[in-house]
Amino acid sequence: MIILGIETSCDETAAAVVRDGKEILSSVIASQVSIHSPYGGVVPELASRQHLEYIIPVIESALEKAGVSCEQLDVLGVTQGPGLVGALLVGLSAAKAMAYALGKPLIAVNHLEGHIQAAFISGGVPESPFICLVVSGGHTALYRVDRDGGSRLLGATRDDAAGEAFDKIAKLLDIGYPGGIAIDKLASGANPEAIHFPRSRFDKESLEFSFSGLKTAAANFIRVHGPPASDSARSGAGSYTLGDFAASFQEAIVDVLVEKSVKAAQQCGLSDIAAVGGVAANSRLRTRLAQEAASGNFRLYLPPVEFCTDNAVMIASAAYRIWMRSGPQHGMLELDAYSR
Ligand code: KG4
Ligand code: ZN
């Protein structure tokens, strides 16, 4: 079964062709980073306009790279939400138009279900049920994912998502966008214990997260101590470097993500953990999870970095799973996008 996946929930215009849910025939992503960079975050109106420009060429390119014609597609899969409504509507309208014109079935995919599906593109396949840490710019949550792909929320953030915290502090430091990637790079080789930032854990058994306190503490630190010195210009006592700040801030986020993922596995009596979403591309998070897994308490599943951040392979793959589980969906041409 050949599925075309389309994803436009935020600032990536993506299309992919996937056979039988796992064989990737093509994956095309048009990034809007350079457009949103000057603003230090995604500007929704600009994102929608850019999706409009990119969507047809991106779909055409995905089909061409896969060597597949429109007529050879069996099903179309598209992200319906959550995300920026104006952005989602571009992908959704394109998918509906194609489905109507070609007379092909259309499957609506929840963006988070797409991210979770990326766990199956990790080389090995987690034994279900498994624990899935979904950690992105918009979400930070732990799910128990069952054999049929259904998932149960175990705990989520009470305020900011981890990616949001990365992006907001990176904006404050003016080090580039997306902030997570910038902080990841600066942190490499720096001292994660240089500055102690708070970790919100709630009570011992809680699987909820909170990153707004950390964000405030980091902002206050900059206010009190002044902006960080560049790494090459470490001067007298009291100064701190950008690298050490980035590494310490990153460590505070990673500590909690690792701790709670392991706790979730223990509480559910499960021995497979996957981490997905943009922040799962973080090199320190990947290393720390791998170190924990090396203790032998659980097996770890991490999608390749390119399938952690937004992409359409995960949407096509999730559409396949939904199709196999429930068959065709009805009323698809009346489908609306949803933000939350
Ligand atoms: O999954 P994603 O592409 O979009 C959402 O669904 O939100 O995730 C984007 C988020 C951004 O906050 C970005 O800063 C973060 O993922 N991110 C990273 C890294 N790469 C992307 N965060 C930490 N380290 C990274 N290497
Ligand atoms: Zn995403």
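1. A residue is called buried when its relative accessible area is under 20%, and in this predicted model that cut-off applies to two of the residues discussed below. His111, with a relative accessible area of 6%, is buried, and Asp310, with a relative accessible area of 15%, is buried as well.

2. Because His111 lies in helix H4 (residues 111-117), while Asp310 lies in the loop between strand S10 (299-301) and helix H10 (313-326), the pair ties together parts that are 199 residues apart in sequence.

3. Turning to ligand 1, the space that this ligand takes is the largest pocket. It is surrounded by 21 residues, of which the closest are Gly137, Asp167, Gly180, Asp184 and Asn282. Helices H4, H5 (162-173) and H6 (179-187) each supply at least two residues of the shell around ligand 1, and the largest share, four residues, comes from H6.

4. As for individual contacts, a polar side-chain atom of Asp167 lies 2.6 Å from an oxygen atom of ligand 1, whereas Gly278 places a backbone N or O atom 3.0 Å from an oxygen atom of the ligand. Asn282 has a polar side-chain atom 3.0 Å from a nitrogen atom of ligand 1. Of the 550 Å² of accessible area that ligand 1 has on its own, the protein covers 90%.

Technical notes: Residues are numbered from 1 along each chain as its sequence is written. Chains are lettered from A and ligands numbered from 1 in the order in which they are written. This is a predicted model: local features need pLDDT of at least 70, side-chain atom pairs count only at pLDDT 80 or more; totals for chains, interfaces and linings use all residues. Side-chain values use heavy atoms; hydrogens and water are left out. Buried means under 20% relative accessible area, exposed over 50%, partly exposed in between (1.4 Å probe, protein chains only). A residue is near a molecule or strand if one of its heavy atoms lies within 4 Å of it. A polar contact is a pair of N or O atoms within 3.5 Å; within protein, one must be able to donate a hydrogen and the other to accept it, and residues adjacent in sequence count only if both atoms are side-chain atoms. Accessible areas come from the Shrake-Rupley method with a 1.4 Å probe; for residues, only the protein chains shown count as cover. On a 1 Å grid over the protein atoms alone, a cavity is a set of points where a 1.4 Å probe fits but cannot get out, and a pocket is an open set with protein on both sides within 12 Å along at least five of seven lines; lining residues have an atom within 4 Å of a point. A molecule sits in a cavity or pocket if more than half of its atoms lie within 2 Å of its grid points.
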